[in-house]
Amino acid sequence: MADTARRHPDVILVEVQPGEGFGFTYLSPEDFDYAADHFLLPAQKYAALDPEDAEQRRTVAYDFLWRYFNKPQSKGYFRENVRWIAAAAVREKFTDEAGMGTMPRVISIQRKAGDGGIAIRAGAEYLDHPGFPLAVIIGKPSAGGGQAHFFTRREDYERAGQKPPTQDVWLPQIVYRLYSETPSVVMGMPKQGKDGDMAVECRALAFGRKAKLVERA
C-alpha cells in the first residue's frame, strides 16, 4: 500500500544510543514545517546563510544533528530543540519526496553500523507490525512525543517488560503487562487516575496499516 499526498512524517524516531532516544510526532505539514523552521530560521540568520540555498540549509541541519549525536548529554540539547533539529534534517533530506507528496510516514535516524555516521531513512520496518512494539514512546501525538525505548527483537522487549519498572524505564513494563500484541509503535502518557491515583494513557500507532492491539487476558 503506497502512501500518497503526504508532505510530513507522522513520526521521526531518533535512536541516539542503542535502544534509547526520542520519538517525535508531527500532526500536519504545518506542524512539521513549524518545528523545522523553529531551528532553521535562527540558524540561517546566525550563520548568515542564504535561505534559498538548499545545500547550505542541508549542511547546517546535518551539522547540528551530528553535534547532538556526538554529545547527547550536553546541556544545550533538550526534548524540544532536538525535535526541531530532527524535523529540519528530515525536511532537507526528503525535500523531493515532500514536493511529490510521498514523504514516508515513519523516519528513522540512527548511527550507521559500519562507520559511525548518521543514517536518515524511511523506517519501513515500522509499517510491518511484528506484533510487539519496536518503539515505546513516553508522550502522546498531540504533545509531540518524547523519550523512546527501541527494540529490534521480541526477546529484548519481553526481557525489558518483565523487569521491575525503574525511574528511567517504566513504560515498556506497563505496555507489556497490558497487551499481548501491539502495533510497532506504542505511546504512553501519565495521567491522573481515580481517587488521585496515577494512571497511564496508552495509544498505539498503526500508520494506516493493519495491526492488532490485543489486551492480556
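Predicted model: local features only at pLDDT ≥ 70, side-chain atom pairs only at ≥ 80, totals over all residues.

Reader: Where does Ala48 sit?

Author: Ala48 is in the loop between α1 and α2. Helices here are DSSP runs of H or I with at least four residues, strands are runs of E with at least two, and both are numbered from the N terminus. Residues are numbered from 1 along each chain as its sequence is written, and side-chain values use heavy atoms, with hydrogens and water left out.

Reader: What is phi of Ala48 near?

Author: Near 55°, a positive value in a residue other than glycine. Most residues other than glycine have a negative phi.

Reader: Is Ala48 buried or exposed?

Author: Exposed, at 68% relative accessibility. The cut-offs: buried is under 20% relative accessible area, exposed is over 50%, and partly exposed is in between, with a 1.4 Å probe and protein chains only.

Reader: And Phe207, what about its phi?

Author: Phe207 has a phi near 60°, again positive in a residue other than glycine.

Reader: Where is Phe207, and is Phe207 buried or exposed?

Author: Phe207 lies in the loop between β9 (198-205) and β10 (214-215). At 6% relative accessibility, Phe207 counts as buried.

Reader: Which way does β2 run against β6?

Author: Antiparallel: 5 bridges join β2 (residues 20-25) to β6. Strands count as paired if DSSP finds at least two bridges between them. In that pair, Gly23 stands opposite Gly146 of β6.

Reader: How many bridges link β5 and β6?

Author: 3 bridges, in the antiparallel sense, with β5 spanning residues 135-138. Ile137 faces Ala148 of β6 there.

Reader: What's between β5 and β6?

Author: 6 residues, and the two strands form a hairpin. Gly139 in the turn has a positive phi of about 145°.

Reader: Now helices. At what angle do α1 and α3 cross?

Author: Roughly 105°, with the axes of α1 (residues 29-46) and α3 (residues 79-93) coming within 7 Å. Axes are lines fitted to C-alpha atoms, for helices over the stretch in contact, and angles run from 0 to 180 degrees between N-to-C directions. That makes α1 roughly perpendicular to α3. The classes are roughly parallel under 35 degrees, roughly antiparallel over 145, roughly perpendicular from 65 to 115, and oblique for the rest.

Reader: Which residues make the contact?

Author: From α1, they include Phe32, Ala36 and Phe39, and from α3, Trp84, Ile85 and Val90 are among them. Contact means heavy atoms within 4.5 Å. By class, the contact has 10 nonpolar, 1 polar and 6 charged residues. Nonpolar covers Ala, Val, Leu, Ile, Met, Phe, Trp, Tyr, Cys and Pro; charged covers Asp, Glu, Lys and Arg; the others, Gly among them, are polar.

Reader: How many salt bridges in the whole structure?

Author: 14. Each is a side-chain nitrogen of Lys or Arg within 4 Å of a carboxyl oxygen of Asp or Glu.

Reader: What does Arg83 form with Asp31?

Author: A salt bridge, the closest N and O atoms being 3.3 Å apart. Arg83 is in α3 and Asp31 in α1, so the pair ties together parts 52 residues apart in sequence. Arg83 is buried at 6% relative accessibility, while Asp31 is partly exposed at 22%.

Reader: And how far apart are the closest N and O atoms of Glu80 and Arg83?

Author: 3.7 Å, in another salt bridge. Glu80 and Arg83 are 3 residues apart in α3, about one helical turn. Glu80 is partly exposed, with a relative accessible area of 26%. Elsewhere, salt bridges that share partners join Arg7, Asp33, Asp37 and Arg91 into one network.

Reader: Last one: where's His8, and what does His8 touch?

Author: His8 is in the segment before β1 (11-17). Not counting residues up to four places away in sequence, His8 touches Tyr26, Leu27, Ser28, Pro29, Phe32, Met103 and Pro104. His8 is buried, with a relative accessible area of 9%.
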